[in-house]
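Okay, thanks for coming, everyone.

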Amino acid sequence: MSEERNRPATDADRGQVNTAAAEVYESFFVPALFGQFAEAVLDHADVVAGARVLDVGCGTGVVARAAAARVGAGERVVGVDPNPGMLAVAERSAPSIEWRAGTSEALPVEDRCFDHTVSQFAAMFFTDRREAMNEMARATAIGGTITIATWFGLDRTPGYAAMVALIAEELGNEAADALRAPFVLGRPEDVRGLVDPIGHDVRLTESSGTARFASLADWVHTDVQGWTLADLVDDEQEVALIARAEQDLARFVSADGSVSFPAPAIIATVVVDRPD
Ligand SMILES: C[S@@+](CC[C@H](N)C(=O)[O-])C[C@H]1O[C@@H](n2cnc3c(N)ncnc32)[C@H](O)[C@@H]1O
């Protein structure tokens with residue numbers, strides 16, 4: 001949370017990418033990593049046909065799109081994100097879904113108008129997580145669910161632990177922080193602490209996942225150009241990173257040149273209580 005930092009939040013802390021990075025995020029990161037969790041998050045939330053769903057920190061919209069397919073035509077699915085580049089990609093990919101600019105801390109939605117509020121891999125970037133949880137509870141019907149997905153820590157994600165170390169050595173700590181930020185809610189107790197105060201029947205699950213990239217160059221390119229590093233790394237530095245990755249990260253490469261490593265997630269669901 002911002003109040004726990006000793007410096008102002010950066011774009012990396014807040015997960016804010018530029019417009020070009022949002023395009024790379026959708027084309028490369030979603031198929032390599034994020035997309036595989038969308039159905040698990042909706043299953044955990046108990047989203048069924050006819051439900052109304054809010055996706056907070058929707059990014060380019062992978063969960064909202066899966067929700068729209070599941071709830072059926074004409075049902076209400078809304079995606080909220082503060083990043084204009086992410087929302088532009090989301091709008092283009094699914095014009096029939098309602099996309100709104102806004103933050104989790106001040107959700108641009110009415111009270112109690114969703115059966116399920118979901119948020120996949122975004123809570124790490126909220127500037128005030130407690131307020132964000134209160135807002136999600138306000139948006140959700142009493143008895144509805146709120147579901148949060150976060151990454152397990154770098155200690156459980158060997159590919160990114162190695163990539164962070166490589167980037168720290170090649171480009172310094174500020175650049176490495178951009179890839180550390182997604183892992184700051186990496187323990188089940190961190191996520192339980194968020195959902196516990198707003199309801200009952202908390203369920204926490206470990207969801208196994210696998211990061212899969214076509215090659216080492218593809219992995220480096222995705223991390224650099226599809227995330228907040230895009231503003232910190234120039235083309236020459238990206239080429240140097242790829243060369244260094246060929247030496248240091250070879251253990252993640254299969255015989256066909258593709259890359260894979262475990263990327264497990266924590267998924268937590270809580271049933272929303274009536275406010276006191
Ligand atoms: C790693 S992306 C995840 C996007 C999407 N949920 C997915 O699974 O592909 C994190 C998203 O959180 C958004 N975000 C950052 N701060 C936020 C805030 N305060 N409120 C809502 N979303 C926020 C970012 O703009 C970004 O789109």
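Let's start with aspartate 46, which sits in the loop between α2 (38-45) and β1 (53-56). Helices here are DSSP runs of H or I with at least four residues, strands are runs of E with at least two, and both are numbered from the N terminus. Before I go on: this is a predicted model, so to speak of local features we need pLDDT of at least 70, side-chain atom pairs count only at pLDDT 80 or more, and totals for chains, interfaces and linings use all residues. Residues are numbered from 1 along each chain as its sequence is written, and side-chain values use heavy atoms, with hydrogens and water left out.

Aspartate 46 has a positive phi of about 65°, and it isn't a glycine. Most residues other than glycine have a negative phi.

You'll find arginine 112 in the loop between β3 (98-101) and β4 (114-120), and with 28% relative accessibility it counts as partly exposed.

Now the ligand. There are 22 residues around it, and Tyr25, Gly57, Asp81, Ser104 and Gln120 come nearest; "around" means a heavy atom within 4 Å. Glutamine 120 puts a polar side-chain atom 2.8 Å from a ligand oxygen, and glutamine 16 has one 2.9 Å from a ligand oxygen. Serine 104 uses a polar backbone atom, 2.8 Å from a ligand nitrogen. Taken alone, the ligand exposes 600 Å², and the protein buries 98% of that, by the Shrake-Rupley method with a 1.4 Å probe.

Last stop, the inside. The largest nonpolar core has 100 residues, and Trp151, Tyr160 and Trp219 have the most contacts inside it. By nonpolar core I mean buried Ala, Val, Leu, Ile, Met, Phe, Trp, Tyr and Cys residues joined through side-chain atoms within 4.5 Å. Helix α1 (residues 19-34) gives the most to this core, with 8 residues. Leaving out residues up to four places away in sequence, the contacts of tyrosine 160 include Phe29, Leu33, Trp219 and Asp223, where contact means heavy atoms within 4.5 Å.

Technical notes:
Buried means under 20% relative accessible area, exposed over 50%, partly exposed in between (1.4 Å probe, protein chains only). A polar contact is a pair of N or O atoms within 3.5 Å; within protein, one must be able to donate a hydrogen and the other to accept it, and residues adjacent in sequence count only if both atoms are side-chain atoms.
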